[in-house]
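Please look over the sequence and the structure before reading on.

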Amino acid sequence: MAPNDSAQDTEEARDLVVGRRKAARYLVPVAVAGVAAVTIGLVPALASSGDPSLPKITAQQLVEKIAASDTQQLSGTVKVSTDLGLPSLGGMAGSFLPGGAGGGGDKGGASAAPDSKLMELASGTHTLRVAADGPDKQRVSILDSAAEYSVIHNGGQLWAYDSKSNQAYHEKSAERPARDTPKAGTDKLPATPKAFADEALKAAGPTTSVSIDGTAQVAGRDAYQLLIKPKQSGSTIGAIRVAVDAKTGTPLRFTLTPSGGGKAAIDVGFTKVDFGKPAASTFTFTPPKGAKVTEGDTHRAPKNDRTPAVPDGFKGLNVIGKGWTSVAQLDTGSGQGLGALGSGAAGKKGDVPAAAQGFLDSLGDKVSGKFGSGMVFHTRLVNALITDDGKVFVGTVNKDALVRAADAAK
């Protein structure tokens with residue numbers, strides 16, 4: 001086992017990582033009722049078959065190795081398991097999406113567009129088959145017991161297909177050359193540990209401890225383990241471990257453990273991986289006979305910024321605090337909190353029937369402060385405070401941190 005690095009190594013590692021995660025990129029307020037989903041939601045604990053003996057390496061050197069890795073080609077199987085304390089969403093996932101789009105598994109629902117699968121990955125265990133051949137070709141398939149959902153990006157073309165419902169979705173870019181086309185739907189289905197590791201490393205800074213935490217073997221490959229921990233109190237994130245391939249520098253496994261303990265909330269890792277060039281046929285797709293094909297909107301070039309979109313029904317986004325205890329503030333614009341749910345047309349405070357109010361109270365914890373009063377809703381990772389005047393505070397922080405943020409915003 002490699003020893004933990006010195007404080008100097010940690011300082012050097014921080015200096016190498018530029019920028020800091022914007023808290024809202026991890027947070028997706030789904031409804032005013034306080035349900036929140038984390039788009040980093042994937043994977044199961046993968047057993048290691050012994051800890052390999054590898055040359056000593058510092059945290060700085062390992063971060064450099066990840067940054068220098070340029071794996072353009074790979075294929076393999078990823079086990080994905082997420083335990084945020086949310087119920088399994090299954091086919092209900094689409095009902096939380098904008099417009100209530102249904103998943104591809106219902107013949108009477110909407111198309112097989114990638115968005116319809118996002119919420120399903122926020123809970124439970126999933127097996128994904130992934131492949132990539134440079135920036136222009138990626139494929140992600142979510143395997144079910146008797147079906148498969150695939151997203152295929154090839155140049156300027158994006159296809160998604162749900163074998164269960166025999167529905168396909170097609171999208172193409174008319175604005176930019178195929179070579180410059182972003183990964184369209186594949187970036188909406190984060191499928192490898194690297195995507196998660198990149199976001200975690202962006203959070204490294206003065207509020208973060210970075211060190212080496214021994215070695216491991218993942219998918220039959222020797223790996224170093226990078227340990228990332230918040231220094232700030234109040235975060236629901238306890239620790240992040242990234243297993244990094246000793247040879248290529250490619251992240252092979254990402255594990256996030258909540259500060260409250262218990263099993264991992266997110267654990268993404270390869271069970272099989274091959275760094276050879278995938279067959280060209282992997283990235284070709286023709287809709288099967290009889291498949292219902294939905295044509296999507298022409299893919300637009302993304303804005304050159306990383307400002308998260310504000311969900312419909314909410315006013316402008318404000319980020320309170322820095323580092324791991326950042327809190328995103330939004331406003332429903334209604335001037336009312338949960339008391340408006342189930343109320344009469346006037347929506348006056350106190351109009352909620354006693355039985356309905358009792359049900360709402362059972363969903364979360366009542367809190368109060370300088371901001372007034374409201375209710376905090378919990379998952380194992382993301383918590384949300386909805387105030388009685390219709391403001392929403394959400395973050396990977398505990399209840400006390402949400403109250404402090406709401407007081408600071410008053």
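This is a predicted model: local features need pLDDT of at least 70, side-chain atom pairs count only at pLDDT 80 or more; totals for chains, interfaces and linings use all residues.

How many salt bridges does a search of the whole structure find? The search finds 10 salt bridges.

**Salt bridges**
- Arg129 and Glu148 form a salt bridge, with their closest N and O atoms 2.9 Å apart. Arg129 belongs to strand E4 and Glu148 to strand E6, so the pair ties together parts that are 19 residues apart in sequence.
- Arg241 pairs with Asp213 at 2.7 Å, N to O. Because Arg241 lies in strand E11 and Asp213 in strand E9, this bridge ties together parts 28 residues apart in sequence. Arg241 is partly exposed, at 32% relative accessibility.
- Lys399 and Asp365 meet in a salt bridge of 3.9 Å, N to O. This pair links helix H6, which holds Lys399, with strand E17, which holds Asp365.
- A network of salt bridges links Asp83, Lys263 and Arg380.

**Nonpolar cores**
- The largest nonpolar core has 53 residues, and Leu226, Ile240 and Phe254 have the most contacts inside it. Strand E11 (residues 237-245) gives the most to this core, with 5 residues.
- A second, separate core has 13 residues, including Ile320 and Val367.

- Asp245 is found in strand E11. Asp245 counts as buried because its relative accessibility is 1%, under the 20% limit.
- The contacts of Asp245 include Lys65, Arg221 and Leu252.

Note on methods
Residues are numbered from 1 along each chain as its sequence is written. Side-chain values use heavy atoms; hydrogens and water are left out. A nonpolar core is a set of buried Ala, Val, Leu, Ile, Met, Phe, Trp, Tyr and Cys residues joined through side-chain atoms within 4.5 Å. Buried means under 20% relative accessible area, exposed over 50%, partly exposed in between (1.4 Å probe, protein chains only). Helices (H or I, at least four residues) and strands (E, at least two) are DSSP runs, numbered from the N terminus. Contact means heavy atoms within 4.5 Å. A salt bridge is a side-chain nitrogen of Lys or Arg within 4 Å of a carboxyl oxygen of Asp or Glu. Lists of a residue's contacts leave out its neighbours within four places in sequence.
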